[in-house]
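Please look over the sequence and the model shown here before reading on.

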Amino acid sequence: MVRVRYDDVTKRYGNEIGAKDIDITVEDGEFAVLLGPSGCGKTTTLRCLAGLTDPTEGEIRIDGTDITDRHPKNRDIAMVFQELALYPHMGVAANIGYPLKVEGVDKKARRERVEEVAETLDIGELLDRETDELSGGQRQRVAIGRAIIRRPSVFLMDEPLASLDAKLKVEMRNEIKKLQRELGITTLYVTHDQEEAMTLGDKLIVMNDGTVQQVGTPAEVYHDPTNQFVAGFIGSPSMNFLRVRRKAPVSQRVVAADDATFSFSVEGLPTAVDDTDPFVLGVRPQYFSVHQSPIDGAAKAKVTVTEPMGDEQLLTVQLDGDGREIAVRAPFDVAITRGDTIWLGVSDERAYVFDVETGARIRQTELSTDTAVPTGSRP
């Protein structure tokens, strides 16, 4: 069993904090992805585990053993960087087998292991090639092969696909996920690419400003975000946010803006939201229902941009009386063009409520018969 545990790990660079109070666990064989924008602390967190950066506070344990102060070579960890750092004076086979050479493994056993790893990565025919003759995807496989040939306890990857084109990224994502499943190696993977994270990870660790915002499965993080940052970072296009307040109690729960004329019917607003305090309503683009004629409880909007995307279309619209644009996904067969007027309903089960000041999620634990309208300021 290879279990990785961060216990309140903090890394400071002078007065700057690279990572703060990191308290996470990666279970045996799990594929965990550290996800967040550039500068959020995810690489610092990974480097602390690798031994390339010394934590200022806290402990890091592998299978219960404190390895915080252990030399990198004694941590039984292998790492793949964004810059693959293949040795240019060595061929493919020599690059893959180099870690075994350093360990003193004899040439015959080393060659057998290199061939086994190359077969696993489907690059057996490349072993006698030079690295400068390889494509980006092939070079990536060589780097992965060099990392796994020692059969490490923990496998670390720091933005390994960042330099590849879109098609190669998809291919390599599939290869990495398949390989990790076959080997069963506990893996931590750093990326800012949410699509990469959602497709690869068993567990997502979402970070911002050096702190962990949420830990969960891809489905949990997407459908049950803990705060406004996570809700806005996960999903493309991003979740739409409207700053609102409740309207006076009526039969429907309506959200509207007092400096605009739009309104939404939204069932199940939390009772913690009163009739006066503003809150933030979050709705993902696909959770609007699109109507081409007025409908009760829907908001009037004008279409400013249409983007056909095969089996659906992405609309950019302006809500009635409001200058800001929001994103809406609609079926491909709904005939909508720029300048059209549409009406938007909200899927009640997929409307999220956040605190204006803290961005924390306000849970819809109870239904209320009150209704709501927004304030003029926007998040």
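At its relative accessibility, does arginine 111 count as buried, partly exposed or exposed? Arginine 111 counts as partly exposed, at 34% relative accessibility, where buried means under 20% relative accessible area, exposed over 50% and partly exposed in between (1.4 Å probe, protein chains only). This is a predicted model, in which local features need pLDDT of at least 70 and side-chain atom pairs count only at pLDDT 80 or more, while totals for chains, interfaces and linings use all residues. Residues are numbered from 1 along each chain as its sequence is written, and side-chain values use heavy atoms, with hydrogens and water left out.

The count comes to 21 salt bridges, a salt bridge being a side-chain nitrogen of Lys or Arg within 4 Å of a carboxyl oxygen of Asp or Glu. Three of them are listed here, including the one made by arginine 111.

| Pair | N to O distance |
|---|---|
| Arginine 111 and aspartate 128 | 3.9 Å |
| Aspartate 76 and arginine 150 | 3.7 Å |
| Arginine 181 and aspartate 202 | 2.9 Å |

Aspartate 128 is exposed, with a relative accessible area of 68%, whereas aspartate 76 is partly exposed at 31%, as is arginine 150 at 26%. Arginine 181 is partly exposed, at 41%, and aspartate 202 is likewise partly exposed, at 28%. Salt bridges with shared partners also join Arg5, Asp7, Asp23, Glu59 and Arg61 into one network.

The structure holds zero disulfides, a disulfide being a pair of cysteine sulfur atoms within 2.5 Å. The sulfur of cysteine 40 lies 13 Å from its closest cysteine sulfur, that of cysteine 48, which is too far for a bond. Cysteine 40 is buried, with a relative accessible area of 1%, and cysteine 48 also counts as buried, at 1% relative accessibility.
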